[in-house]
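Student: I'd like a close look at one part of this structure, please. Pick a starting point and take me through it in one go, with the numbers.

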Amino acid sequence: MGTLKEERGTTGEAALLESIFANVSDAILVVDRDGLIAMANSALERMTGWSKHELIGVRHICEICRGMATCLEEKTCADCFFTQAQMPSFEMRLRTKDGREYPVAASSARLPDDSSNKLVMIVRDMSAQQQAEKERYQNKLTNYAIQAQEEERKRIARELHDGIGQALYSILVGLNVIGQGNLTEANRQHVNDLLQMTAKAMEEVKRMALELRPSALDDLGLLPALRSLMKRVEKSFDLQVELHVQGERRRYAAAVETALYRIVQEAMTNAAKYAQASKLGIMFEDREKEIVVTVVDDGVGFDVERALREGSGLGLFGMRERAQLVGGTLEIRSAPDDGTTLIVRIPLPKEGNEDVHTHPDR
Ligand SMILES: Nc1ncnc2c1ncn2[C@@H]1O[C@H](COP(=O)(O)OP(=O)(O)O)[C@@H](O)[C@H]1O
Ligand SMILES: [Mg+2]
């Protein structure tokens with residue numbers, strides 16, 4: 001009786017093992033002593049594109065393995081798992097039937113009770129994880145690059161203002177003093193010309209410092225900085241700009257203020273450069289849980305998909321990148337002859353979690 005129970009149990013277990021072998025998402029394969037694939041489950045068929053028929057007893061392990069990955073090399077056959085009794089965890093490149101290859105995480109072990117010395121391998125597709133990791137790393141790099149660029153702009157703007165700006169101011173004062181002295185008419189004219197040139201250079205330095213990074217953005221916040229940007233744009237281009245603000249007025253994390261400022265700056269510059277617009281409207285809404293900024297121009301519009309596909313400028317990509325780096329999104333609606341609307345949404349951290357987007361940028 002006991003034997004019957006045992007047999008039933010064994011059959012049940014065997015069926016369960018068989019079902020696991022057939023249904024797990026990881027590939028399981030057995031390789032014989034010569035390196036030929038002796039058993040394979042459906043997952044290996046899916047991963048390689050070869051059917052069991054084309055794998056079992058036909059294909060050598062080296063035909064589906066392109067080598068192991070180490071921290072130094074993408075593919076190497078040094079210390080191959082096949083020569084080892086056991087390797088609990090390693091990375092390798094799996095080759096598919098159609099010649100593609102991708103990263104997998106694998107483990108291998110020789111069966112101790114098997115005189116045929118078979119090797120069992122379990123293989124997991126890591127391409128999605130590696131891609132996600134790559135994107136995370138890329139995002140981190142972009143974030144560092146943007147932060148470094150903002151810091152550098154801030155430093156140069158300060159230096160222009162405090163260094164060259166102050167020096168020019170001293171020259172201006174000195175020239176004024178000279179101008180009040182006893183001068184020949186020719187020299188007075190000369191001093192007047194120099195005064196004008198110095199005043200112009202001062203204006204230029206001020207404009208450059210503001211364009212690099214307005215101190216208002218750090219000292220007063222996003223809205224005052226945007227207002228002063230609007231005035232400069234109106235002055236430089238034949239464009240009427242309006243700003244509407246809805247919701248509470250408050251300061252946001254430095255990264256959020258910088259991102260929004262740069263995005264609106266680029267949108268305004270684009271409208272001025274390309275749109276032949278006469279009016280530009282900016283709607284700034286603080287919806288507590290998110291900020292929504294909409295920039296609308298009444299210009300000639302453009303084919304957004306095409307501009308992004310052709311990668312004609314870095315501006316559109318830069319805007320999207322900046323929005324994404326603070327967890328937000330950017331939407332551009334435009335069609336030829338139909339103006340352009342740009343919508344940025346940036347989520348705001350919950351109360352008590354204020355420093356989610358903060359970085360040492362302020
Ligand atoms: N507001 C707009 N109105 C019309 N065309 C625009 C507008 N914004 C962008 N474009 C078009 O999209 C292209 C790409 O913009 P962008 O990436 O900012 O390029 P750039 O870096 O040259 O400014 C521009 O060359 C222009 O043709
Ligand atoms: Mg641009």
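Tutor: Let's start at Thr 294, which touches Gly 281, Ile 282, Met 283, Glu 285, Thr 341, Leu 342 and Ile 343, once residues up to four places away in sequence are set aside. Keep in mind that this is a predicted model. Thr 294 belongs to strand E9, residues 290-297. Its relative accessibility is 16%, under the 20% cut-off, so Thr 294 counts as buried.

With 64% relative accessibility, Glu 288 counts as exposed. Its backbone deserves a look too: phi is near 65°, a positive value in a residue other than glycine. For context, most residues other than glycine have a negative phi. Asp 337 is another case, with a positive phi of about 70° although it is not a glycine. Asp 337 sits in the loop between strand E10 (329-334) and strand E11 (340-347), and at a relative accessible area of 68% it is exposed.

Next, the ligand site. Ligand 1 is surrounded by 16 residues, and the closest are Glu 266, Asn 270, Tyr 274, Asp 297 and Leu 316. One of those, Asp 297, falls at the end of the range given for E9, 290-297. Sorted by class, the shell has seven nonpolar, six polar and three charged residues.

What about the polar contacts of ligand 1? An oxygen atom of the ligand is 2.6 Å from an N or O atom in the side chain of Tyr 274. A polar side-chain atom of Asn 270 lies 2.8 Å from an oxygen atom of ligand 1. The backbone takes part as well, with an N or O atom of Leu 314 lying 3.5 Å from an oxygen atom of the ligand. Taken alone, ligand 1 exposes 550 Å², and the protein buries 81% of that. The elements giving two or more residues to the shell are helix H9 (254-275) and helix H11 (314-325). H9 provides the largest share, six residues.

The magnesium ion, ligand 2, is coordinated by Glu 266 through OE and Asn 270 through OD1, at 1.9 to 2.1 Å.

Ser 108 counts as buried, with a relative accessibility of 3%. Leaving aside neighbours within four places in sequence, Ser 108 is in contact with Phe 81, Gln 86, Met 87, Phe 90, Leu 119, Val 120 and Met 121.

Methods
Residues are numbered from 1 along each chain as its sequence is written. Chains are lettered from A and ligands numbered from 1 in the order in which they are written. This is a predicted model: local features need pLDDT of at least 70, side-chain atom pairs count only at pLDDT 80 or more; totals for chains, interfaces and linings use all residues. Side-chain values use heavy atoms; hydrogens and water are left out. A residue is near a molecule or strand if one of its heavy atoms lies within 4 Å of it. A polar contact is a pair of N or O atoms within 3.5 Å; within protein, one must be able to donate a hydrogen and the other to accept it, and residues adjacent in sequence count only if both atoms are side-chain atoms. Accessible areas come from the Shrake-Rupley method with a 1.4 Å probe; for residues, only the protein chains shown count as cover. Helices (H or I, at least four residues) and strands (E, at least two) are DSSP runs, numbered from the N terminus. Ala, Val, Leu, Ile, Met, Phe, Trp, Tyr, Cys and Pro count as nonpolar, Asp, Glu, Lys and Arg as charged, and the others, Gly among them, as polar. Buried means under 20% relative accessible area, exposed over 50%, partly exposed in between (1.4 Å probe, protein chains only). Contact means heavy atoms within 4.5 Å. Donors are N, O and S atoms within 2.8 Å of the metal (3.2 Å for Na, K and Ca); water is not among the atoms, so sites may look incomplete.
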